[in-house]
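Colleague: I would like a close look at one helix of this model and at the parts around it. Please keep to what can be computed from the coordinates.

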Amino acid sequence: MAALKFSFLGEIGTGGVSLFDSNAATSFRQIKVEFPLKRRVRNSWKSKSIKCSMNGPPPAWPGRAEPEPGRKSWDGPKPISIVGSTGSIGTQTLDIVAENPDKFRVVALAAGSNVTLLADQVKRFKPKLVAVRNESLINELKEALADCDEMPEIIPGEQGVVEVARHPDAVTVVTGIVGCAGLKPTVAAIEAGKDIALANKETLIAGGPFVLPLAHKHNVKILPADSEHSAIFQCIQGLPEGALRRIILTASGGAFRDWPAEKLKDVKVADALKHPNWNMGKKITVDSATLFNKGLEVIEAHYLFGADYDNIEIVIHPQSIIHSMIETQDSSVLAQLGWPDMRLPILYTMSWPDRVYCSEITWPRLDLCKLGSLTFKAPDNKKYPSMDLAYSAGRAGGTMTGVLSAANEKAVELFIAEKIEYLDIFKIVELTCDAHQKELVVSPSLEEIIHYDLWARDYAANLQLSSGRSPVPA
């Protein structure tokens with residue numbers, strides 16, 4: 001029998017860390033960030049004058065989770081709606097529904113522009129309401145559904161997506177739409193009292209200061225559908241009040257986990273897209289390489305579970321079997337393990353607080369002896385300056401986190417198009433957040449959140465970089 005070995009390599013250093021190598025061709029001014037507690041920054045944006053608000057929004061799950069008394073367990077299929085049904089999250093959600101028709105049924109679907117796939121989904125799952133965000137495709141969708149036995153109501157445009165999100169029959173809304181486009185339908189679903197199966201990062205990273213108070217007002221549950229936050233959510237089930245001490249987010253390390261930091265100035269797009277573990281979309285693969293995905297997850301964990309940024313840590317775990325961990329006050333560490341499969345966290349958001357039996361034919365069971373070993377190491381701040389940028393933005397709070405996310409999305413888009421260099425991604429994000437400091441809104445409205453998302457993308461696209469290259473405006 002193979003031994004299960006846990007090897008913890010390296011320690012997170014103390015003292016100052018420079019974000020960028022001043023000798024790199026694409027580097028810019030050095031930023032010194034002091035870490036009085038491991039690598040943690042205790043003050044606000046890049047240790048400057050903005051103060052972190054002590055009156056942030058209430059977390060979705062303040063360190064513990066349990067269903068409220070009298071919460072209904074569904075005897076028949078639970079009605080759900082899906083916003084973003086033709087994307088990765090949406091198609092996997094529908095796979096779950098197809099495998100469990102006695103547990104779930106679809107009442108409404110919304111998609112962006114993939115009319116062919118949407119029409120197939122409508123014919124198979126027979127929703128009552130359908131929306132296509134691209135209004136110019138409405139006639140094409142109607143033609144594709146001409147032979148449909150049960151023609152659903154069809155509403156085009158953004159209003160149609162909103163109506164899907166707040167469909168009166170839906171109990172849970174799966175939000176798989178990408179970007180700030182997911183904010184308005186999520187807000188509509190919350191105002192209609194629907195529980196949110198959250199797969200849209202911007203809902204909390206950009207919209208947390210507005211969305212969380214709204215969810216509490218309407219007694220709506222926000223259930224995390226990404227693997228790391230689902231792992232934490234599963235680990236805090238039934239914890240006593242005040243028991244959570246620390247959150248440990250695991251990261252694969254991405255394409256450059258085994259590269260020396262000095263080589264990053266030579267990175268090409270093809271290098272960043274070579275994930276060591278799996279095949280994903282280009283944007284998320286680059287985010288994994290830069291570790292911006294994990295920095296954004298730190299912010300999301302803060303909003304979801306109320307942990308202070310000093311108590312949220314990142315650890316590199318190359319095997320991606322432990323999806324995240326928590327430490328309790330007595331120093332016990334609880335972890336959630338499983339094969340890398342997004343269906344499990346999606347399923348748990350749909351079934352919570354119940355557990356649904358899964359066939360081991362379609363859901364392979366974890367075999368620790370087959371794995372043999374699990375390893376961990378501390379992330380390198382020099383290789384992954386995204387971590388310091390994300391922690392600093394999180395401490396600044398308000399609109400800064402949405403600006404960070406939007407600037408990163410635009411920078412990655414420019415990098416994939418080969419209009420900027422790899423290290424310019426960090427530069428663009430840092431300069432955009434710098435520029436936003438004077439306009440930071442601590443408690444923004446929905447309109448302000450969307451405004452600064454658009455502002456950040458435009459600002460990032462028009463930056464003049466020190467290398468002499470200018471990104472092309474969006």
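Which elements do the buried residues of α4 pack against?

Modeller: First, how to read the values. This is a predicted model, in which local features need pLDDT of at least 70 and side-chain atom pairs count only at pLDDT 80 or more, while totals for chains, interfaces and linings use all residues. Residues are numbered from 1 along each chain as its sequence is written, and side-chain values use heavy atoms, with hydrogens and water left out.

The buried residues of α4 pack against β4 (78–83), β5 (104–111), β6, β7 (153–156), β8 (172–175) and α5 (183–191). Helices (H or I, at least four residues) and strands (E, at least two) are DSSP runs, numbered from the N terminus. Contact here means heavy atoms within 4.5 Å. The residues of α4 that count as buried are G157, G160, V161, V162, V164 and A165. Buried means under 20% relative accessible area, exposed over 50% and partly exposed in between, with a 1.4 Å probe and protein chains only.

Helix α4 spans residues 157–165, and E158 lies in it. E158 is one of the residues that count as partly exposed, because its relative accessible area is 36%. Its side chain forms a salt bridge with R133, and the closest N and O atoms are 3.9 Å apart. This pair links distant parts of the chain, 25 residues apart, since R133 sits in the loop between β6 (129–132) and α3 (138–144). A salt bridge is a side-chain nitrogen of Lys or Arg within 4 Å of a carboxyl oxygen of Asp or Glu. R133 is partly exposed as well, at 35% relative accessibility. E163 forms a salt bridge with R166, with 2.6 Å between the closest N and O atoms. Both residues are partly exposed: E163 has a relative accessible area of 23%, and R166 has 34%.

G176 is buried because its relative accessible area is 17%. Leaving out residues up to four places away in sequence, G176 touches V83, G84, I89 and A199.

T93 lies in helix α1 (residues 88–99) and counts as buried because its relative accessibility is 0%. Neighbours within four places aside, T93 is in contact with I80, I82, V174, I346 and M350. The side chain of T93 also reaches the backbone oxygen of I89 at 2.7 Å, a polar contact (N or O atoms within 3.5 Å, one able to donate a hydrogen and the other to accept it; residues adjacent in sequence count only if both atoms are side-chain atoms).

I346 and M350 lead on to α12, where the buried residues are R343, P345, I346, L347, Y348, T349, M350 and S351. Eight of the nine residues of α12 are buried, so this helix is largely enclosed by the rest of the structure. W339 is placed in the loop between β14 (333–337) and α12 (343–351). W339 is partly exposed, at 30% relative accessibility.

For comparison, here are charged residues elsewhere. The structure holds 25 salt bridges. E262 and K382 form one of them, at 3.4 Å from N to O. That pair is 120 residues apart, with E262 in the loop between β11 and α9 and K382 in the loop between β15 (373–377) and α14 (386–396). Both count as partly exposed, E262 at 43% relative accessibility and K382 at 35%. K201, D226, E228, K294, E297 and E300 are linked in a network of salt bridges.

R257 lies in the loop between β11 (244–251) and α9 (269–272). R257 is buried yet has no salt bridge, and the nearest side chain of opposite charge, D258, is 4.0 Å away. For charge, Lys and Arg count as positive and Asp and Glu as negative, with His and the chain ends not counted. The side chain of R257 does reach the backbone oxygen of S252, at 2.8 Å. Beyond four places in sequence, the residues that R257 touches are S252, P276, N277, P318, K377, K383 and Y384.
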